[in-house]
Amino acid sequence: MPEIPERHVRLASYPDPAIAKAAEEELHKHGIPAYTGRGFHRGRSDRELFVPESDEAEAREILTGFDIGERTNPNLICPQCDDTRVKARPPIPMIVVLTGVVAAGLVYLFAEPKWLAAIPFIGSFIAAPILERVVGNWTCLNCGAVWRTK
């Protein structure tokens with residue numbers, strides 16, 4: 001009679017495939033069979049790590065001491081809660097510049113005098129660097145922190 005395969009459980013979910021692969025290799029080093037798969041959670045695609053149900057406790061203990069800081073970009077770690085579930089924010093300064101250029105084009109086409117088009121055009125290029133310093137480009141999905149990187 002064929003042996004029934006053991007049930008696998010989801011151990012962790014990582015936003016970066018490189019981190020998931022590093023965690024999988026760490027478990028393999030300790031003799032725990034693990035594999036990664038794609039998951040979809042809260043509107044984003046993640047890499048999920050699966051292990052056999054009988055090895056779950058040992059695998060959690062191993063991954064507790066697993067340092068992901070060396071294996072990933074430091075921008076992907078929240079500075080407040082050290083979580084790796086982060087998301088890039090939209091490029092707001094570029095959106096402001098594009099909006100200013102479109103507004104300047106519309107003003108040029110439909111307004112009289114034509115030099116009024118320079119106001120939204122120049123204003124968007126002045127506002128963009130200011131917004132770039134104020135608005136962060138990463139947000140944490142765990143605690144909601146927003147930070148900026150270069």
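Here, two residues are in contact when heavy atoms of theirs come within 4.5 Å.

**Figure 1. D55 and the residues it touches in the predicted model.** Set aside the neighbours within four places in sequence, and D55 is in contact with I32 and P33. D55 itself sits in the loop between β3 (44-52) and α2 (56-64). It's a buried residue, yet D55 has no salt bridge. The nearest side chain of opposite charge belongs to R60, and that one is 12 Å away. A salt bridge needs a side-chain nitrogen within 4 Å of a carboxyl oxygen, so R60 doesn't qualify as a partner for D55.

Figure 2. Look for P113 in the loop that runs between α3 (92-110) and α4 (118-134).

**Figure 3. The largest pocket and its lining.** There's about 160 Å³ of space in here. One stretch of the lining is R89, P90, P91, I92 and P93, with E132, V135, G136 and N137 also taking part, plus R148 and T149. By type, the lining splits into five nonpolar, three polar and three charged residues.

**Figure 4. Stepping back to the protein chain.** Four helices and six strands make up the secondary structure. Read from the N terminus, the elements go β-α-β-β-α-β-α-α-β-β. Of the 150 residues in the chain, 35% are buried. As for contacts between residues at least 6 apart in sequence, 61% join residues at least 24 apart.

How values were computed
Residues are numbered from 1 along each chain as its sequence is written. This is a predicted model: local features need pLDDT of at least 70, side-chain atom pairs count only at pLDDT 80 or more; totals for chains, interfaces and linings use all residues. Side-chain values use heavy atoms; hydrogens and water are left out. Helices (H or I, at least four residues) and strands (E, at least two) are DSSP runs, numbered from the N terminus. On a 1 Å grid over the protein atoms alone, a cavity is a set of points where a 1.4 Å probe fits but cannot get out, and a pocket is an open set with protein on both sides within 12 Å along at least five of seven lines; lining residues have an atom within 4 Å of a point. Grid points are joined across faces, edges and corners, and a volume is the space filled by probe spheres set on the points. Ala, Val, Leu, Ile, Met, Phe, Trp, Tyr, Cys and Pro count as nonpolar, Asp, Glu, Lys and Arg as charged, and the others, Gly among them, as polar. Buried means under 20% relative accessible area, exposed over 50%, partly exposed in between (1.4 Å probe, protein chains only). Lys and Arg count as positive and Asp and Glu as negative; His and the chain ends are not counted.
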